[in-house]
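Try each task yourself before you read its solution.

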Amino acid sequence: MKKVYGSAAEALDGLLHDGMLIAAGGFGLCGIPELLIDAIVASGVKDLTVASNNAGVDGFGLGKLLESRQIRKMMSSYVGENAEFMRQYLAGELELEFNPQGTLAERMRAGGCGIPGFYTKTGVGTVIAEGKEVKTFDGEEYILERGIFADLSIVKAWKADDTGNLIFRKTARNFNPPAAMCGKVCVAEVEEIVPRGSIDPDHIHLPGIYVHRLIQGQHEKRIEQRTVRKREEA
């Protein structure tokens, strides 16, 4: 089965349609599938629901899909660092389903494991619990959260072999593994594709069984918040 494609557009060919649910890896600008996001912007697909920790920043990452008005709803845990995200939400132009970060990660992981729902204490007694089933276990209340089953997963990894086994680079691992797991189809972009068998099995973060298509490309590696020390006086 061919998994390696020549470009992001080729890897997404035949997978995109209006109204679909996309799970996107990344945290802030760390480990985001920027090449695949650009290809989705270029495709013109619209009315998207995107499950992602956040929506990048203005003009980069998922922020581009917000600016082009291709996203109808975000399933996120953080809306900071993106003025357009906040503006659209406060203006009633964008639907938002708030999730605690751990809950969002577990919803993705659950979907990838075929688990339709799970109970958690996180959010009990808050607006997060509104409209959700509440169940008592051992005298404690828990709310039911649904697993996420996405039409498409887009993720970014550091290395892969041609079978799709992935290694993530340090904190860029973040939401990428659970996001990859929960999609009917997963497309990954990586910095390097290495020969089959050259990755130690103990070093694989995500098995290739979850990855259906793969591209290699150059990435900008933009810094979200650049902070430096002041130069010491001579």
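Predicted model: local features only at pLDDT ≥ 70, side-chain atom pairs only at ≥ 80, totals over all residues.

**Exercise 1.** Describe where Ser52 lies and which backbone oxygen its side chain approaches.

*Solution.* Step 1: Ser52 belongs to the loop between strand 2 (48–51) and helix 3 (63–67). Step 2: its relative accessible area is 2%, so Ser52 is buried. Step 3: a polar atom of the Ser52 side chain lies 2.9 Å from the backbone oxygen of Asn54. Step 4: setting aside neighbours within four places in sequence, the contacts of Ser52 include Ala24, Leu62, Met74 and Leu104.

**Exercise 2.** Check the length of helix 5, and find what its buried residues pack against.

*Solution.* Step 1: the expected span of a helix is 1.5 Å times one less than its number of residues. Step 2: helix 5 (residues 101–112) has 12 residues, so it should span 16 Å; its end C-alpha atoms are 17 Å apart, which agrees. Step 3: the buried residues in helix 5 are Thr103, Leu104, Arg107, Met108, Ala110, Gly111 and Gly112. Step 4: these buried residues pack against several elements, among them strand 2, strand 3 (71–76), strand 4 (95–98) and helix 6 (176–181). Step 5: look just past the end of helix 5, where Gly114 takes a positive phi of about 75°.

Arg107 is found in helix 5, and at 6% relative accessibility it counts as buried. Leaving aside neighbours within four places in sequence, the contacts of Arg107 include Met75, Glu97, Phe118 and Glu145.

**Exercise 3.** Find how many salt bridges the structure holds, and examine some of the pairs.

*Solution.* Step 1: recall that side chains of opposite charge can pair when their charged atoms come close. Here a salt bridge is a side-chain nitrogen of Lys or Arg within 4 Å of a carboxyl oxygen of Asp or Glu. Step 2: the structure holds 15 of them.

Step 1: Glu106 and Arg109 form one, at 2.8 Å from N to O. They are three residues apart in helix 5, so about one helical turn separates them. Glu106, at 26% relative accessibility, is partly exposed, and so is Arg109, at 31%.

Step 2: Asp151 and Lys184 form another, at 3.6 Å from N to O. This pair links distant parts of the chain: Asp151 is in strand 8 (residues 150–161) and Lys184 in strand 10 (residues 183–194), 33 residues apart. Asp151 is partly exposed at 24% relative accessibility, whereas Lys184 is exposed at 60%.

Step 3: Arg87 and Glu93 meet at 2.9 Å from N to O. Arg69, Glu84, Arg87 and Glu93 are linked in a network of salt bridges.

**Exercise 4.** Say which residues make the nonpolar surface patch, and which helix gives the most to it.

*Solution.* Step 1: a patch joins residues with over 30% relative accessible area and no salt bridge: like charges within 9 Å, nonpolar side chains (Val, Leu, Ile, Met, Phe, Trp, Tyr) within 5 Å. Step 2: Met86, Tyr89, Leu90 and Phe98 make this patch of about 410 Å², with areas from the Shrake-Rupley method and a 1.4 Å probe; for residues, only the protein chains shown count as cover. Step 3: helix 4 (residues 83–90) gives the most, with three residues. Step 4: Leu90 is in helix 4, and its relative accessible area of 69% makes Leu90 exposed.

Methods
Residues numbered from 1 in each chain as written. Heavy atoms only, no water. Helix = DSSP H or I, 4+ residues; strand = E, 2+ residues; numbered from the N terminus. Buried < 20%, exposed > 50% of the residue type's maximum accessible area, 1.4 Å probe, protein only. Polar contact = N/O pair within 3.5 Å; in protein donor to acceptor, adjacent residues only side chain to side chain. Contact = heavy atoms within 4.5 Å.
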